[in-house]
Amino acid sequence: MAEYIIVKKSQVSLFKTIPFYYHTQNGDYALYKKKGDRLDESRLQKNRYPDLYILDADRDEAMAELIAALNKDFEKKITDGKLKEVRHTLEYIIEEALTPGQENGMNALPETLNILLGRYQNDNQAMEYLRKIDSNSPILIKHTVNVTALTLQFCFFHKFSESDTRQLAMAALLHDVGSSQIDKNLVETSKRLTDEQFKIYTTHPKMGHDMIIQSTDFNTAIQKVALEHHERIDGTGYPSGLKRLTSYSQLIGLIDSYESLTYRAKLFRKAKKPFDTLNLIKEEVLRGKFSKELFKKFTSCLVK
Ligand SMILES: [Fe+2]
Ligand SMILES: [Fe+2]
């Protein structure tokens, strides 16, 4: 017997040509619209349609259609500078594309990266790194996407040049690639790490850096972010206790801390509200770990 998958209400309007089915009163599925037909716009707007289904056999085609529609939407939001929406869509695309069994979605991701990174030449290599991150830990990929989205928000808000924006987005995507080599349990644990575990964890910047420099295409700025994002300007960071950091490393380091304290911590229920997090980071700023100027710039892009 044919199998059907329910279409999420929020996604109904994104499918263009795929056939839809509905559940009849006698328990069967019947065709609601055939391949190529469009749903009636006014019905869509008023939510006047039953629960809709697609055939399981159409899943790959449906997924490709969905991601293509999301990508189009994503491109438009970037052009319009709708930052919060850019971020939601990016999270959504990556979440959908990385759902196991949806290989077509995964194939559609490079297009998303192309849009995001402005047809950056190294998207294949970046994809491979993203796959590594994802196969090690779903929490880590979500963190990566969030850091990237916040970085874009910062760049758009402060009107960075296109080339700086692209570089920073790529640096954000790759900042924790070294963590893909670390035991998943260590990366995902909600418990405080023991000294021994922490020592292992702190090897990820160097590992990430070593991975990135193997590909000659990523420039020094991107390599340095992987190496320096846990360094702090007062010298209390790791792995080297450096005080002189590139502006990229400082920015991604700040966004990374903010993200870890808010979104990532949500999973471990000790989530902080964004405002509380800013206060926590402010304390770090006052202690000299981050630049005051940078912190101000970051808060202004968050609140406006
Ligand atoms: Fe990190
Ligand atoms: Fe990170």
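**Basis and confidence**

The model is predicted; local features need pLDDT of at least 70, side-chain atom pairs count only at pLDDT 80 or more, and totals for chains, interfaces and linings use all residues. Residues are numbered from 1 along each chain as its sequence is written, and chains are lettered from A, with ligands numbered from 1, in the order in which they are written. The predictor's confidence in each residue, pLDDT, runs from 0 to 100. Its mean over the chain is 83, and 83% of the residues reach 70 or more. Confidence is highest in helix 11, at a mean of 96, and lowest in helix 4 (residues 103-117), at 59. Where pLDDT is low, the predicted coordinates should not be read in detail.

**Overall organisation**

The chain holds 14 helices and 4 strands. These elements are DSSP runs numbered from the N terminus, helices being H or I with at least four residues and strands E with at least two. Of the 304 residues, 34% are buried. A residue is buried if 20 or more other C-beta atoms lie within 10 Å of its own, exposed if 12 or fewer, and partly exposed in between, with C-beta atoms placed from the backbone. Two residues are in contact if these C-beta atoms lie within 7 Å. Among the contacts with a separation of 6 or more, 63% join residues 24 or more positions apart.

**The nonpolar core**

A nonpolar core is a set of buried Ala, Val, Leu, Ile, Met, Phe, Trp, Tyr and Cys residues joined through C-beta atoms within 7 Å. The largest one has 54 residues, and A171, L174, I252 and I255 touch the most other members. Helix 6 (residues 138-157) gives the largest share of this core, 9 residues. The core lies between domain 1 (4-58) and domain 2 (138-303), because both give residues to it; the domain bounds come from an automatic or database domain assignment. Leaving aside neighbours within four places in sequence, A171 is in contact with A221, I222, V225, Y248 and I252.

The expected span of a helix is 1.5 Å times one less than its number of residues. Helix 6 has 20 residues and should span 28 Å; its end C-alpha atoms are 29 Å apart, which agrees. Helix 6 is mostly covered, with 15 of its 20 residues buried. Helix 7 (residues 162-174) has 13 residues and reaches 18 Å from its first C-alpha to its last, close to the expected 18 Å. Its buried residues include T165, Q167, L168 and A169, together with A171 and L174.

T144 is found in helix 6 and counts as buried, with 26 C-beta neighbours inside 10 Å. Not counting residues up to four places away in sequence, T144 touches I133, L173 and D176.

**Strand pairing**

Two strands pair if DSSP finds at least two bridges between them. Strand 2 (residues 20-23) and strand 3 (residues 29-33) pair in the antiparallel sense over 4 bridges. Y22 has A30 in strand 3 as its bridge partner, and H23 stands opposite Y29 in that strand. The two strands form a hairpin with 5 residues between them, and G27 in the turn has a positive phi of about 90°.

**Backbone exceptions and loops**

Most residues other than glycine have a negative phi, and most peptide bonds are trans. K159 has a positive phi, near 50°. K159 is found in the loop between helix 6 and helix 7 and is exposed, with 9 other C-beta atoms within 10 Å. A cis peptide bond joins Y238 and P239, with omega about 10°. P239 is found in the loop between helix 11 (220-228) and helix 12 (247-266). R38, in the loop between strand 3 and helix 1 (41-45), counts as exposed, with 10 C-beta neighbours inside 10 Å.

| Residue pair | Separation in sequence | C-alpha to C-alpha distance |
|---|---|---|
| T144 and D176 | 32 residues | 7.3 Å |
| R38 and S13 | 25 residues | 9.3 Å |
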